[in-house]
Amino acid sequence: MTKLTYNIEGMTCDHCVLHVTQALESVAGVKSAKVSLKKKQAEVRADETVNVENLESAVAAAGYKLVP
Ligand SMILES: [Cu+2]
């Protein structure tokens, strides 16, 4: 299990936090995601099968930007 931290661009409210959290948690290998609106960051707990490109595209599909 690894803990990954990414900056997330485009979040303005708690709804955005929810959308980003759900997007991240839908990605294969992700166990949980903790998203902070204040820090504009996401902390992702995942196993080694997780693929950063999948995280990026899931967040992009939700309308936000994950910066690796
Ligand atoms: Cu919002």
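**Close-up views of a predicted model**

The model is predicted.

**View 1. The whole chain.** The protein chain holds 2 helices and 4 strands. Its C-alpha trace spans about 30 × 20 × 20 Å along the principal axes. A compact globule of 68 residues would have a radius of gyration near 11 Å, and the protein chain, with 10 Å, agrees with this. Of the 68 residues, 28% are buried. Among contacts with a separation of 6 or more, 57% join residues 24 or more positions apart.

**View 2. The packing of helices α1 and α2.** Two packed helices are described by the angle between their axes and the distance between the axes. Here α1 (residues 14-25) and α2 (residues 52-61) pack at an angle of about 145 degrees, and their axes are 9 Å apart. The crossing of α1 and α2 is right-handed. On the α1 side the contact is made by Val20, Ala23 and Leu24, and on the α2 side by Leu55, Ala58, Val59 and Ala61. Sorted by class, this contact of α1 with α2 has 7 nonpolar residues, no polar residues and no charged residues.

**View 3. The largest nonpolar core.** In soluble globular proteins, nonpolar side chains tend to be buried together. The largest nonpolar core has 19 residues, of which Ile8, Val20, Leu24, Ala42, Val44, Leu55 and Val59 touch the most other members. At least two residues of this core come from each of β1 (2-9), α1, β2 (30-36), β3 (41-46) and α2. The most is given by α1, with 4 residues.

**View 4. Val59 and the residues it touches.** Val59 is one of the α2 residues in the contact with α1. Val59 is also among the core residues that touch the most other members. Leaving out residues up to four places away in sequence, Val59 touches Ile8, Val20, Ala23, Leu24, Tyr64, Lys65 and Leu66.

View 5. Ala62 sits in the loop between α2 and β4 (65-67). Ala62 counts as partly exposed because it has 19 C-beta neighbours inside 10 Å, whereas a buried residue needs 20 or more. Apart from residues up to four places away in sequence, Ala62 touches His19, Val20 and Ala23. Ala62 and Ala23 are 39 residues apart along the chain, and their C-alpha atoms are separated by 6.6 Å. Val20 and Ala23 also belong to the α1 side of the contact with α2.

**View 6. Lys40, between strands β2 and β3.** Most residues other than glycine have a negative phi. Lys40 is not a glycine, yet its phi is positive, at about 55 degrees. Lys40 is in the loop between β2 and β3. With 16 other C-beta atoms within 10 Å, Lys40 is partly exposed.

**View 7. Asp47, between strand β3 and helix α2.** Asp47 is placed in the loop between β3 and α2. Asp47 has 11 other C-beta atoms within 10 Å and is therefore exposed, the limit for this class being 12 or fewer. Not counting residues up to four places away in sequence, Asp47 touches Met1, Gly29 and Lys31.

How values were computed. Residues numbered from 1 in each chain as written. Predicted model: local features only at pLDDT ≥ 70, side-chain atom pairs only at ≥ 80, totals over all residues. Axes fitted to C-alpha atoms, helices over the stretch in contact; angles between N-to-C directions. Left-handed = near helix turned anticlockwise from the far one by under 90°. Contact = placed C-beta atoms within 7 Å. Nonpolar A, V, L, I, M, F, W, Y, C, P; charged D, E, K, R; others polar. Core = buried A, V, L, I, M, F, W, Y, C linked by C-beta atoms within 7 Å. Rg over C-alpha atoms; globule rule 2.2 N^0.38 Å.
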